[in-house]
Amino acid sequence: MRDFTQIPILDLSLSDDPATLPDLLSRLKTALTEVGFLYIANHGVPPSVTGDLVHLLPALFGLPAEAKAAIALEHSPHFLGYSGAGAETTAGGADHREQVELATELAVRPEAGAPWEGLRGPNQWPRELPELRPVAERYIEELTALGERFLRLVAQALSLPEDSFFSYLSDQHRLKLVHYPEAPLPDTQGVGPHKDSSGWWTFLLQASPDVQGLQVLNKSGAWIDVPAIPGTLVVNIGQAFEVVTHGVCKATTHRVQSSSRERFSVPFFQGVRRDLTRRQALEPLANHFAGFGTGTESGEARRIDSLFLTGEYETWGEAQLRTKIRSHRENGRAFYPELYARYVK
Ligand SMILES: O=C(O)CCC(=O)C(=O)O
Ligand SMILES: [Fe+2]
């Protein structure tokens with residue numbers, strides 16, 4: 001298999017013309033099976049929607065500490081809200097970033113049966129920046145639609161019926177507003193090496209066009225820069241999608257290195273339905289993907305890295321809740337004491 005040294009750029013407007021669609025799908029297939037990361041251009045999200053959100057980020061993170069504390073993630077059983085720099089660790093190191101985690105605005109389900117239904121619930125909006133709510137909601141709406149359109153193309157690129165991946169989708173998608181403050185030293189860990197574990201696909205807006213930071217690990221172990229390209233979104237595969245495609249489409253490791261200049265970014269994590277069982281994830285497409293890439297894929301390349309498969313979890317939602325409880329222990333103790341006792345030991 002070839003290795004990649006840059007991230008492909010795909011022009012989604014080529015999907016509008018039957019004459020150019022096949023070439024787009026062929027390039028998409030290569031990106032899916034050999035890179036796991038791509039840029040999309042001409043994706044149809046209005047520049048004003050993106051621009052309005054980008055414009056609010058400095059004001060949001062410039063709010064006084066009390067305003068941030070008022071929407072702290074620790075208040076939320078749904079793990080939505082503000083967390084400060086150093087609150088998260090990735091790959092054993094502290095991440096130097098602060099973030100506001102949002103999601104599709106949903107009411108709590110009072111009759112919620114399974115504990116992981118607790119992931120569903122309303123956002124915490126900062127009172128001091130009322131403009132944020134309509135702008136972020138509009139952005140989530142646009143990205144939800146783009147995500148579905150993109151999944152149709154992915155299905156076609158993998159020789160499947162267009163709607164093949166819709167039955168896995170959640171009613172809740174998550175949006176993170178992220179600020180990497182200026183780092184005291186070069187190559188400070190903004191976020192350590194990781195694969196995106198929470199979503200189906202990630203759509204990332206790099207909101208500081210002149211600041212480099214995001215890097216992707218290729219198969220030879222080299223870090224490949226993913227510079228911001230105005231007007232594009234960076235798209236990458238989440239671990240659930242790797243599971244469902246039996247490792248044909250890989251969730252690729254990436255990280256952010258902070259520098260002497262602050263950086264903003266906005267990843268949208270397309271959600272996977274919480275009640276998805278391991279069997280439902282693995283069985284339907286097993287035969288289809290068994291026929292893929294034979295001869296080029298080594299056993300190692302097909303190895304799937306997912307807690308969902310190795311742990312004792314009934315559903316995707318349970319695996320997600322476990323991850324959340326372990327990374328935000330205060331919330332775990334306060335809102336899910338029984339699961340906390342089981343998962344944090
Ligand atoms: O900020 C970025 O560019 C990437 C962030 C990221 O990888 C994540 O939050 O999962
Ligand atoms: Fe990520």
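E283 and R279 join their side chains in a salt bridge, with N and O 3.2 Å apart. This is a predicted model, and the points below walk through its charged pairs, its iron ion and its nonpolar cores.

**Salt bridges**

- The count of salt bridges comes to 14.
- Another salt bridge links E162 with R152, whose closest N and O atoms are 3.4 Å apart. E162 sits in the loop between α4 and β7 (174–180) and R152 in helix α4, so this pair ties together parts that are ten residues apart in sequence.
- Both partners are partly exposed: E162 has a relative accessible area of 37%, and R152 has 34%.
- K250 and E242 also meet through their side chains, at 3.5 Å from N to O. Here E242 is buried, with a relative accessible area of 0%.

**The iron ion**

- The iron ion (ligand 2) is coordinated at 2.1 Å by H194 (NE2), D196 (OD) and H254 (NE2). H194 belongs to strand β8 and H254 to strand β13 (residues 254–258), so the two histidines tie together parts that are 60 residues apart in sequence.
- Along the chain, the donors follow the spacing H-x1-D-x57-H.
- H194 is partly exposed, at 21% relative accessibility, whereas H254 is buried, at 6%.

**A closer look at D196**

- You will find D196 in the loop between β8 (188–194) and β9 (201–206).
- D196 is buried but has no salt bridge, and the nearest side chain of opposite charge, K176, is 7.2 Å away. A salt bridge needs the atoms to be within 4 Å.
- Its side chain does make polar contacts, one with the side chain of N236 at 2.9 Å and one with the side chain of H254 at 3.1 Å.
- Beyond its neighbours within four places in sequence, D196 is in contact with residues including T202, G238, Q239 and F269.

**Nonpolar cores**

- The largest nonpolar core has 84 residues, and F150, L158, F165, L177, W200 and W201 have the most contacts inside it. Helix α4 (residues 132–157) gives the most to this core, with 13 residues.
- A second, separate core has 15 residues, among them F37, Y39, V191 and I224.
- Setting aside neighbours within four places in sequence, L158 is in contact with L32, F165, F241, C249, H288, F289 and F292.

Notes. Residues are numbered from 1 along each chain as its sequence is written. Chains are lettered from A and ligands numbered from 1 in the order in which they are written. This is a predicted model: local features need pLDDT of at least 70, side-chain atom pairs count only at pLDDT 80 or more; totals for chains, interfaces and linings use all residues. Side-chain values use heavy atoms; hydrogens and water are left out. Helices (H or I, at least four residues) and strands (E, at least two) are DSSP runs, numbered from the N terminus. Buried means under 20% relative accessible area, exposed over 50%, partly exposed in between (1.4 Å probe, protein chains only). Lys and Arg count as positive and Asp and Glu as negative; His and the chain ends are not counted. A polar contact is a pair of N or O atoms within 3.5 Å; within protein, one must be able to donate a hydrogen and the other to accept it, and residues adjacent in sequence count only if both atoms are side-chain atoms. Contact means heavy atoms within 4.5 Å. Donors are N, O and S atoms within 2.8 Å of the metal (3.2 Å for Na, K and Ca); water is not among the atoms, so sites may look incomplete. A nonpolar core is a set of buried Ala, Val, Leu, Ile, Met, Phe, Trp, Tyr and Cys residues joined through side-chain atoms within 4.5 Å.
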